[in-house]
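Subject: Structure for your review

Dear colleague,

Please find below the structure I am handing over to you. My notes on it follow.

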Amino acid sequence: MSLSTDIDKAISLQYRGFGGYGELEQLRRLFAPAFVSDLQQALAADPTNGAITVTLGWIDKRPYADMTVSGTEDFYQQKITRPVELGDAAIFVMDVFTRDHQSFRMRTRGLIIQAKAAPKASLPSVPVTALSPSRPNLSTNKELALLSNWPEFNLHLANGCRGPLLGTFTLKHLSSPPPYGWYAAAPGSKSAGWNTSGNWRSRWMCAPAVHGKLCNTTLGEVIEALFNRTKIDNTLVGADCIPRRGVYSVGAPTNPSNATDWDELCTILLQLTASNRQVSAGPPGVFVSFPYIPQIAAMVGAAWRKLLGLFKEKRFPVIIIERNRMD
């Protein structure tokens, strides 16, 4: 089997006996310690990948992007006047090289995920749920405006610009569509029959942020492309970044004047994640690790959900995949 098939299998394991279709409930079920172990096993199955550690952490509140600073308009050329969530989750892949028993992080690639619940059983198209021609501040309108264009925005740690200002960002247009954020759709409450249509090859089906683009790529394929730094249908998945501060900063010194806004945005997300509790699977690293035993993983997952309050709607999960190779 391919790596993406193994990852999609790991994803499906999280939903055995789970009949709910709520977007947030499905997202929480995926971003849980049991999936950390399953994903680590899938990535570590190929010894040429090196030693793999997968870490799951959370940002206590979802960061919000305020695009009013740039006068951003929605798909219907209506001005947006309210902030929008930066996304629902983020995934980072880090290359770590070990020399003389010291580890150095040399490069990182990051991706923001916008999760949505599909309105029916057929595969949805971006932006998954309907845009409003008269409500520019509808979340669907704002999400598409952000992910498809990445205009200048202020980042706050709470809605309504109540949280602290974390910075002002303008992400470079590296490609069309921009590589920084992809959509991921799961079956919704009105998606009866989704798993009999044959088109849903994974519980989460993805697409780049292009209006009308069919969500026909599995989340496993997205993670594999991010991990291997490859494209999907000639489209970039995520973008390279240089975390500049904190425990996930790169080992080699860099010139601060060369830092991009994407570097800084990823640095902030990783710093916010590292300041909270985390759970890891794989070789012992910075944080606690645990072996994968299905029964124990299930108990650990339940315990961590209770301990960390994963069912709070405002948490922003972050998965960090570290690939460690001897130099």
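Two strands are taken to pair if DSSP finds at least two bridges between them, and helices (H or I, at least four residues) and strands (E, at least two) are DSSP runs, numbered from the N terminus. This is a predicted model, in which local features need pLDDT of at least 70 and side-chain atom pairs count only at pLDDT 80 or more, while totals for chains, interfaces and linings use all residues. Residues are numbered from 1 along each chain as its sequence is written, and side-chain values use heavy atoms, with hydrogens and water left out.

The chain contains seven helices and 13 strands. Buried residues (under 20% relative accessible area; exposed is over 50% and partly exposed lies in between, with a 1.4 Å probe and protein chains only) account for 54% of its 327 residues. Of the contacts (heavy atoms within 4.5 Å) with a separation of 6 or more, 70% are between residues 24 or more positions apart.

Four strands make up an open sheet, with the order 3-2-6-7 and antiparallel pairing. Strand 3 (84–85) and strand 7 (165–169) are at the edges with a single partner strand each, so one side of each has no neighbour in the sheet. Strand 6 (residues 153–156) and strand 7 run antiparallel and are joined by four bridges; F153 stands opposite F169 in strand 7. Helix 6 (residues 261–274) lies across strand 6 and strand 7, and runs at about 160° to strand 7. That angle is taken between N-to-C directions, on a scale from 0 to 180 degrees, with axes as lines fitted to C-alpha atoms, for helices over the stretch in contact.

The nonpolar cores

A nonpolar core is a set of buried Ala, Val, Leu, Ile, Met, Phe, Trp, Tyr and Cys residues joined through side-chain atoms within 4.5 Å. The largest has 48 residues, and those with the most contacts inside it include F92, W150, F153 and W262. Helix 6 supplies the largest share of this core, seven residues. A second, separate core has 40 residues, among them I11, L39, V54 and V93. Leaving aside residues up to four places away in sequence, F153 touches residues including M67, L86, L146, F169 and L265.

Strand 8

Seven of the seven residues of strand 8 (residues 181–187) are buried, so this strand is largely enclosed by the rest of the structure. In a regular strand the side chains alternate between the two faces of the sheet. Here G181, Y183, A185 and P187 point one way, and W182, A184 and A186 the other way. Strand 8 is joined by four bridges to strand 9 (residues 205–208), and the two run antiparallel; C206 is the bridge partner of A184.

Cysteines

With a disulfide taken as a pair of cysteine sulfur atoms within 2.5 Å, the count is zero. The cysteine sulfur nearest to that of C241 belongs to C266, 3.6 Å away, too far for a bond. C241 is buried at 3% relative accessibility, and C266 is buried at 1%.

Confidence

The average pLDDT (the predictor's confidence in each residue, from 0 to 100) is 87 for the chain, and 87% of the residues score at least 70. Residues 285–298 have pLDDT below 50, and this stretch makes 22 contacts in the model beyond near neighbours in sequence. Over residues 300–312 pLDDT stays under 50, with 22 contacts beyond four places in sequence.

With kind regards
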